[in-house]
Structures are given as structure tokens and as C-alpha cells.
Amino acid sequence: MKKFSFTPKGVCSSKMNIVIDKGIIKDIEIIGGCPGNTLGISKLCIGKNVKDVIELLSGIDCRGRGTSCPDQLAKALEKALIVNK
């Protein structure tokens, strides 16, 4: 099991803590942001394949920012894949 922390940019959330085991997301904690939305996103992603979640969440925009908490989560997962190779 690998734990990974990520600092998102351009969004309301301030930190993302992720646990991945054999390519499957086991836990996500998003600190900051809209609590209901970030908790909902986290729960929906647990148990899913990392690459599938990256594909689903990449490019989602929040209010013209060019990114969003889901997009930043996709970036965090991409980075986690690189770091944990």
C-alpha cells in the first residue's frame, strides 16, 4: 500500500492525501474545498482503478479556473503513479 500527498493549485482545497494499493484507490482525504463535493468525489473514487479515475476527472473546470478539485485529484493520481513506479 502506497500513501501519497499532493498540494493542489488553483482550487479551494489545500491538500490531498491518497492511498493506492495495486492500482486501486483505497482512500482519499481532501482538505479544504466544498466539503460535500470533495467527500462525495472521494467516496465515488474509492475502490476504482487509478487510471480509470484519471480519465474520468481530467479536464473538469470550475468557474473558468481552468481546473477544479476533481481535475487536481486527477493530477495528484497521475503524479502518484509516477512517484510509485
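**Strand pairing and nonpolar core**

Strands β1 and β2 form a hairpin with six residues between them, and G10 in this turn has a positive phi of about 80 degrees. The model described here is predicted. Strand β2 also pairs with β3, in an antiparallel arrangement, and the largest nonpolar core comprises 19 residues.

**Pairing of β1 and β2**
- Strand β1 covers residues 2-6 and strand β2 covers residues 13-21; the two run antiparallel and are joined by five bridges.
- Within this pairing, F6 lies opposite M16 of β2.

**Pairing of β2 and β3**
- Eight bridges connect β2 with β3, the latter spanning residues 24-32.
- S13 has G32 in β3 as its bridge partner.
- The hairpin of β2 and β3 has two residues between the strands, and K22 adopts a positive phi near 55 degrees there.

**Nonpolar core**
- Among the 19 residues of the largest nonpolar core, those that touch the most other members are I18, I25, I28, C45, L57, L73 and L77.
- At least two residues of this core come from each of β1, β2, β3, α1 (35-45), α2 (50-57) and α3 (69-83).
- Helix α3 supplies the largest share of the core, with five residues.

**Contacts of C45**
- When residues up to four places away in sequence are not counted, C45 touches I25, I28, V53, L57 and L73.
- Of these contacts, I25, I28, L57 and L73 are, like C45 itself, listed with the core residues that touch the most other members.

How values were computed. Residues are numbered from 1 along each chain as its sequence is written. This is a predicted model: local features need pLDDT of at least 70, side-chain atom pairs count only at pLDDT 80 or more; totals for chains, interfaces and linings use all residues. Side-chain values use heavy atoms; hydrogens and water are left out. Two strands pair if DSSP finds at least two bridges between them. Helices (H or I, at least four residues) and strands (E, at least two) are DSSP runs, numbered from the N terminus. A nonpolar core is a set of buried Ala, Val, Leu, Ile, Met, Phe, Trp, Tyr and Cys residues joined through side-chain atoms within 4.5 Å. Buried means under 20% relative accessible area, exposed over 50%, partly exposed in between (1.4 Å probe, protein chains only). Contact means heavy atoms within 4.5 Å.
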